[in-house]
Amino acid sequence: MSNTNQQQWSSRWGFMLAAMGSAVGLANIWRFPYAAGEGGGGAFVLVYLAAVATVALPLLIAELLVGRRGQASPPNAIATVAKEAGGSASWKKMGYGGSIAAILILAFYCVVGGWTLIYVLKMASGSMSGMSGVELGQAFDEVNANPLLMLLAFSAFLGLTVYISSKGIQGGVERTVKLLMPTLFFMLFAMVIYSAITGEFLKAVSFLFNPDFSQITPSIVLDAFGQAFFSVSVGYTNLMAYGAYLKKDINIPSSCLVIVGADTLVALLAGLAIFPIIFAYGLEPGGGPGLVFMTLPIVFGSVSGGAILGALFFILLSFAALTSSLSMLEAPVAWFSDLWQWSRKKSVFITGGLVWCLGLLCVLSFNLLSDVHPLGMFSYFEGKTFFDLYDFITTRVAAPVIGTGIAIFVGWVMTKKMTAQELSTSEHQISYRLWLYSVRFLVPLVLIILCYSMLTN
């Protein structure tokens with residue numbers, strides 16, 4: 001008996017907003033602008049769009065159809081579908097891996113979510129006004145060096161995620177994303193308009209949409225494919241968990257097109273909101289991970305109304321982080337509910353407690369445990385703190401390996417009849433055959449290359 005299938009999304013719109021929220025996260029608003037900046041702008045964006053269409057979209061469809069077909073938590077859904085297809089029940093280990101990876105991701109993701117909350121307060125108070133780049137870097141280091149502040153922010157962000165999830169799929173997750181996602185889009189459009197008026201908007205448009213093909217290198221291609229993969233949030237079975245609550249009359253491919261389109265739009269809008277300001281102040285577009293926390297505050301601290309604008313930007317960032325953290329929590333929550341027949345609330349709070357305990361090590365990685373490298377005896381992991389280790393294991397190993405497994409399972413273990421039935425199409429349709437070719441060959445190939453590249457660089 002499964003607890004998972006007792007819940008469903010109230011509507012297609014509610015599901016799509018939740019799936020958009022899962023996809024739209026820090027990877028779009030935090031990582032995409034600096035990745036595009038480092039990748040040369042238009043050349044990176046062009047490859048990124050191709051990667052979304054050929055890898056991220058087919059894998060998103062694959063995850064959702066397994067979840068809906070199995071109508072259970074990822075491990076049980078995979079086992080059910082494998083049995084129906086005449087495959088081995090051992091495939092369910094992918095679901096275990098995805099759920100464990102989600103717990104580890106949340107442990108460090110909520111630390112970054114905590115940073116966004118801290119910066120909302122810092123920007124609103126005006127305490128960062130007039131700071132130089134060096135001073136902002138020192139301020140960021142001071143935040144990380146304060147274990148109590150970090151712990152409070154981390155706990156607040158995780159606590160909010162757990163509270164919302166405990167209210168259920170319709171009463172918690174769906175109700176929240178119906179409020180947050182439209183608000184996020186409104187705030188992002190408002191920031192783009194502000195940037196268009198006050199910044200170098202035409203220069204930003206040219207930078208993002210006028211590709212210099214001479215800049216397309218193997219490194220940029222791999223980075224763009226990696227960004228597409230992580231941006232859409234596939235490979236962790238989170239969306240497989242969401243698929244279990246999906247009604248049979250909802251068309252998966254058309255829904256996925258909308259989800260991926262919205263996710264890509266947010267990434268591009270983030271670029272259009274940030275780059276005009278960056279160019280107007282003569283800053284480097286390839287500012288790296290510190291672009292949001294150490295470069296943009298220079299701008300916010302030097303313009304009229306910058307405190308309000310900066311606070312709104314970090315509220316936007318925290319909204320994006322929250323909608324993604326809700327989806328990450330879902331896979332382990334559904335797994336524990338199915339495994340031990342726990343109520344949803346019990347499963348949510350126990351999972352949240354586990355994340356808090358593991359996340360405490362990430363919080364302390366920046367201060368009290370900054371010199372602790374748990375696997376430092378191996379040269380490959382030398383210098384990696386708990387925060388670095390969780391990030392490495394989940395993004396460089398778990399995601400591409402599990403994503404490859406999902407593609408092989410759906411493409412080769414499930415029958416064409418099963419997948420075509422879930423996608424409401426015919427095995428002979430060109431669109432279906434292109435999708436199946438991508439899942440069988442292209443997605444595994446790209447993810448294997450991506451995994452090898454990340455492990456060797």
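Q: Which residues in helix 3 meet which residues in helix 12?
A: Val 45, Tyr 48, Leu 49, Val 52, Leu 57, Leu 60, Ile 61, Leu 64, Leu 65 and Arg 68 in helix 3 meet Ile 252, Pro 253, Cys 256, Leu 257, Ile 259, Val 260, Asp 263, Thr 264, Ala 267 and Leu 268 in helix 12. Contact means heavy atoms within 4.5 Å. Helices (H or I, at least four residues) are DSSP runs, numbered from the N terminus. The model is predicted: local features need pLDDT of at least 70, side-chain atom pairs count only at pLDDT 80 or more, and totals for chains, interfaces and linings use all residues. Residues are numbered from 1 along each chain as its sequence is written, and side-chain values use heavy atoms, with hydrogens and water left out.

Q: Why are helix 3 and helix 12 called oblique to each other?
A: They pack at an angle of about 140°, with their axes 9 Å apart. Axes are lines fitted to C-alpha atoms, for helices over the stretch in contact, and angles run from 0 to 180 degrees between N-to-C directions. Angles under 35 degrees count as roughly parallel, over 145 as roughly antiparallel, 65 to 115 as roughly perpendicular and the rest as oblique. Helix 3 and helix 12 are therefore oblique.

Q: What is the handedness of the crossing of helix 3 and helix 12?
A: Helix 3 passes helix 12 in a right-handed crossing. A crossing is right-handed if the near helix is turned clockwise from the far one by less than a right angle, and left-handed if anticlockwise.

Q: What makes helix 2 oblique to helix 3?
A: Helix 2 (residues 26–38) and helix 3 (residues 42–70) pack at an angle of about 125°, with their axes 7 Å apart. That angle makes helix 2 oblique to helix 3. The contact is made by Phe 32, Ala 35 and Ala 36 of helix 2 and Phe 44, Val 45 and Tyr 48 of helix 3. By class, six are nonpolar, with no polar and no charged residues.

Q: What makes helix 7 oblique to helix 14?
A: Helix 7 (residues 147–166) and helix 14 pack at an angle of about 55°, with their axes 10 Å apart. That angle makes helix 7 oblique to helix 14. Their crossing is right-handed.

Q: What is the volume of the largest pocket, and which residues are closest to its centre?
A: Its volume is about 1,200 Å³. Of the 41 lining residues, the closest to the centre are Arg 31, Tyr 34, Phe 230, Asp 391 and Thr 395. On a 1 Å grid over the protein atoms alone, where a 1.4 Å probe fits, a pocket is an open set of points with protein on both sides within 12 Å along at least five of seven lines; lining residues have an atom within 4 Å of a point. Grid points are joined across faces, edges and corners, and a volume is the space filled by probe spheres set on the points.

Q: Which helix gives the most to the lining of the largest pocket?
A: Helix 10 does, with seven residues.

Terms used: Helices (H or I, at least four residues) and strands (E, at least two) are DSSP runs, numbered from the N terminus. Ala, Val, Leu, Ile, Met, Phe, Trp, Tyr, Cys and Pro count as nonpolar, Asp, Glu, Lys and Arg as charged, and the others, Gly among them, as polar.
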